[in-house]
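Please read the following note alongside the sequence and the model.

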Amino acid sequence: MPFELPKLPYDRAALEPHMSARTLEFHHGKHHSKYVDKLNELVAGTPFEKLELTDVVRKTAGDEKNGKIFNNAAQTWNHTLFWNCMTPGGGGKPDGKIAGMIDDAFGGYDRFREAFVKAATGRFGSGWTWLVADPKGKLGIVSTPNAGNPLTDGKTCLLTCDVWEHAYYLDYQNERVRFVQAFLDRLVNWEYVNRQWEEERKAA
Ligand code: FE
C-alpha cells in the first residue's frame, strides 16, 4: 500500500483532558485510518500511487473527476499535520520566529487568537482552520470547507485545527468554540510550527 496511517506522536491519553483518548481512538484510529484505506483503494493502478501524498493533493485539487482521490488524499494530509500541531502541555503564546511573525501579521497574539477562533467557529459545517504563510512569508488565517487545503493555493501550511464535528463532539458536544479555545490555549505545539516554518523556508 503506497500510503500509510502515521503513528500519533504521543499516547492516545496524552492530550487529556483537552482531547480525550476516546476522541483519538475514533479520530485517528477510525476516521483518519479510513481516509488512508480509501485513498489506497482509489489510487491502486493509477499514476497517483507512485506520487508523494502532497503531490496527489496538488494534482487532484479542483479536478472533478478525481474529486474522491482529492478528498481522501487531502484528509490524510490534513490529519497528519493536525496531530503534529498538538503536544501535551502545549498552547498559549508562541515563542521563536513565529511569535514575531504573528505580531507583524495580526498585531499581537491575542488578536491572532481572536481571529483564529472567529474563523473556526464561522466555518459552517465541516472544514479546517489554518495558519498559513504566503510566498513572501506573511502569515494569514485561512478557513477551508470539507477536505480543503491551502497548499493548493500556493500557501505554506503551518498550523491546522480540524473543525469537523468528529474532532470535538465526544469531548465538547456541539461547543466548537470551547474546543478551538482548548486547542489554542492547551494543545498547540508551537515548537513544531516553528520547525515547519524553518523547513519550508529552506525548501523554498
Ligand atoms: Fe478529522
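This is a predicted model: local features need pLDDT of at least 70, side-chain atom pairs count only at pLDDT 80 or more; totals for chains, interfaces and linings use all residues.

1. Residues are numbered from 1 along each chain as its sequence is written, and side-chain values use heavy atoms, without hydrogens and water.

2. The iron ion has as protein donors H27 (NE2), H79 (NE2), D162 (OD) and H166 (NE2), at 1.9 to 2.1 Å. Donors are N, O and S atoms within 2.8 Å of the metal (3.2 Å for Na, K and Ca); water is not among the atoms, so sites may look incomplete. Along the chain the donors follow the spacing H-x51-H-x82-D-x3-H.

3. The site is tetrahedral, with angles of 89 to 135 degrees among the four donor atoms; for four donors, this term requires all angles to lie between 85 and 135 degrees.

4. D162 is located in strand β3; strands are DSSP runs of E with at least two residues, and helices are runs of H or I with at least four, numbered from the N terminus. D162 counts as buried because its relative accessibility is 0%; buried means under 20% relative accessible area (1.4 Å probe, protein chains only).

5. The side chain of D162 makes polar contacts with the side chains of H79 (3.0 Å) and H166 (3.4 Å). A polar contact is a pair of N or O atoms within 3.5 Å; within protein, one must be able to donate a hydrogen and the other to accept it, and residues adjacent in sequence count only if both atoms are side-chain atoms.

6. In helix α4 (residues 96-106), I98, A99, M101, I102 and F106 are buried. Just after α4, G107 adopts a positive phi of about 80 degrees.

Conventions. Buried means under 20% relative accessible area, exposed over 50%, partly exposed in between (1.4 Å probe, protein chains only). Four donors count as tetrahedral if all angles lie between 85 and 135 degrees; four count as square planar and six as octahedral if opposite donors are over 155 degrees apart and all others between 65 and 115; anything else is irregular.
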